[in-house]
Amino acid sequence: MKKKSLLFGGMLGASMIMLAACGGDEDTSTNEADGNENGNGNVSEGAADVDEDDRTLTIAMGTDIVSFDIHDHNNTSTEAVHDNMFNYLFKKDENQEIHPELVEEYEQIDDRTLKISLIEGVEFHNGEPLTSDDVKFTLERVATDDTLREHPNYNQIQEVEVIDDLTFRIITHEPEPSLFHRLSRIGSGILPSEYIEENGWDHFLNNPVGTGPYQFEEWVRDDRVVFTPFENYFEGAVEEWDEVVYRVIPENSTRVSELLTGGVDIAVNIPPADWERVEDNDGTHMKSETSNRTVMLILRATEGYPTSDVRVRQAINYAIDNEALTENVLQGAATPTRTRVAPGNFGANPDLYDTYVYDVEKAQELLDEAGYGDGFEMTLHSPRGRYLQDAEVSEMVAGMLAAVGIQVNVEFMEWSNFVDMRAAHTNEDAYLIGLGNSMFDGAYSVDWYRSERFEGETDYVNEEIDALLEASATNMDQEEREQQIQQIEEIAAEDVPHIMLHQETINLGINDRIDFTPTMDEMMYVPSITRN
Amino acid sequence: MGKYLLRRILQFIPVLLIISFIIFSLVFIAGDPVALMLPEDASQEDIQDLRESLGLDRPFIVQYGSYLMNLVQGDFGDSFRYNASALPIVLERLPATLELAVAAMAVAIIISIPLGIWSATKQNSFMDFFATGGAVIGKAMPNFWLGIMLILLFSVTLGWLPVSGRGTLAHLILPAITLGTGIAAEMTRLIRSSMIEVLSQDYVRTAKSKGIKDFFVVYKHAFRNTLIPVITITALQTSTVVGGTLITETVFSWPGLGQLLIQAVNTRDMAIVQACVFLIAIMVIAMNLIADILYRLLDPRIKYN
């Protein structure tokens, strides 16, 4: 009997130790937490009334950053974090105009050569000075290593020729009219060559170093990224915030709750259902800005499909009331458009933006002419939850097309299956997709009309567009190139291989203590975020 | 006992081999991660180039073979998403999940043992009805919904507890309750029925007839004999806990295995998925082993030979 009780006691003891061990774990993490997340553990009384003197900026993201390898991802929300740590040679301002950032002077020597001198006295976070060698190392890595995800956007660069410590030439294989666009975006942050060569990539990825206004402090995967101001930043240290914390909160309702209670200052991707809640809550408000993503229907122009007839495509375009979509489904937070190239992008065609065609009678007429007066049946593949209200948009489009006798079967797909469908070319009549353009150069958007690119998938061929695409690809006369791109947009707006629906907005929830205006490129440049 | 342990541990090897094959096949069938890794406007050549550079164009058996070879050396391959070795990333998350799982089990035990015993001794009373009814409701509530409701009540409306994240003890309370209640419900019912059975046995009646107080009869004599099924269910519930953390961790942005696994599945990050599932499998197997050992300690009549 006694022995048994001993055993039983031992068991209890063991479980106590287990619990205690677990408690110990918490203690250590509590210390860490106190050190660098003042804003987070801060529990307020329902409303978001956060301490005025709190100098920690907390931003809630929907997904974690992918990596600190700036060349090996193509994720906008990751770039929005990197943007604060790395500098580009050129930078876009809030109107998407390109200005020199690390560059003192530049000169286009000929169609293939750009000569650049760097600003003197720029320092990396580890104290090393920025030199031409760093630029050579950075750009040649992404230009030559074809396993990197950003490689296709930089393989136009042939080499970077170092002249002296601060001067170099960038030489491209062909005349490259989009070079400035390339040098001012994701993948073009300048890396510290010596630091990486001495310590290796793994070390760099865990202890990244850049020249930007903020320096790396900590990255706990799927939890948080922490930055602190860089004292020796070449434009002067940013004094507004002692610390920037990016928290990863994938669940929408949790992210909204964190914002409402003051746990975070900025929360991205607030779903339309919560907009009113955020507005009505004491201490928080919504901010929206047009994004660079356009939602559209991609049609089959393949022989044998009703949509191979331009009149049928036009009829579909006429049958869709874009304004009803943006007003009702998207609660006004979207702009109807007839082109993918929105203002703010090179080659934007203002005539085609913030406009749409809607005429049910005309649509019916066109269908009669094409011999589909009695309508037909088609399948629309649609992702669900990938874009703002995507499922609702698809359903409403199906309803509108039913009015002219086109019976649309909407097939909702989980995102990875949707991607597979596209990769395998098994798209049926139509699919809904939203496309952005991190290059902010319209050439990348209109390239979707190039006939060889979607052979076997959408099979759209237009020789006029193909000729214009070829002519504009290496055209260094920017004015002429702009007109060529605009012309392609005009042709496409008539020929409608893709039916443009609307341009999305980015919808942020913001604490009233913060002054921040989002920009179209979805970056969150911390030096532009201030306390009220 | 030592021999028995050794044999049980050796049995792990074929089990793990089978698990590795199943996971690998499923991930293989599920499809190609490459298209997901590239942006929407990537061209076919870009997709093909990346697929080749990752070795994903090789046949199944070659890929599985090299996977196994690496596995033996403790290498689960590289995560596509993080571009780093998968195992350290997964191990990094383990403490957070264990912390949550242990806390949830603690919540479950604290609720279910007294409640189960109480409703068994007061069988068919109003309180018994209340406890069993509560157990059904607890079991029926989805973790996802419960978590969001708890956040709305305790964080947004009352402002008592933080919404999400990991750090202080306060961060642990809501997720532990969310995850613990479902298990508590299951355990309460089991403890109740097991206790009722034990209480009707001869030795209990004997003890009672000898004039031992009810309290001692229940807690000293009957309770230990109820423990065997309780341990079984606790061990079995571990897999439920680990499964439950997937959802609970997402709701509370708890940086554990579950959140990692869900992200990895969404992005088809094979290496992470495999390493996670493997680790979870090992945990479940280990819990079963621990349960078997505990039986032996509790009831010497159970022999393993």
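Between them, chain A and chain B bury about 5000 Å², and 54% of that area lies on carbon and sulfur atoms; please keep in mind that this is a predicted model. The contact draws 59 residues from chain A and 62 residues from chain B.

Turning to the polar side of this interface, the count is 6 residue pairs in polar contact, both partners being at pLDDT 80 or more, and the rule finds 2 salt bridges across the interface.

On the side of chain A that touches chain B, the elements giving two or more residues are the helices H1 (2–36), H2 (38–41), H8 (252–260) and H14 (415–423), together with the strands S10 (243–248) and S16 (430–435), each of them in chain A. The largest share comes from H1(A), which supplies 11 residues. By class, this side of chain A divides into 22 nonpolar, 17 polar and 20 charged residues.

Let me move on to a helix pair inside chain B. The axes of H7(B), residues 143–157, and H8(B), residues 169–199, come within 9 Å and cross at roughly 145°, and the crossing is right-handed. From H7(B) the contact is made by Asn143(B), Leu146(B), Gly147(B), Leu150(B), Ile151(B), Phe154(B) and Ser155(B), while H8(B) contributes Leu174(B), Ile177(B), Thr178(B), Leu179(B) and Thr181(B). Which classes of residue does the contact of H7(B) with H8(B) have? There are 7 nonpolar and 5 polar residues, and no charged residues.

Key. Residues numbered from 1 in each chain as written. Chains lettered and ligands numbered in written order. Predicted model: local features only at pLDDT ≥ 70, side-chain atom pairs only at ≥ 80, totals over all residues. Heavy atoms only, no water. Contact = heavy atoms within 4.5 Å. Buried area = accessible area lost by both parts, 1.4 Å probe. Salt bridge = Lys/Arg side-chain N within 4 Å of Asp/Glu carboxyl O. Polar contact = N/O pair within 3.5 Å; in protein donor to acceptor, adjacent residues only side chain to side chain. Helix = DSSP H or I, 4+ residues; strand = E, 2+ residues; numbered from the N terminus. Nonpolar A, V, L, I, M, F, W, Y, C, P; charged D, E, K, R; others polar. Axes fitted to C-alpha atoms, helices over the stretch in contact; angles between N-to-C directions. Left-handed = near helix turned anticlockwise from the far one by under 90°.
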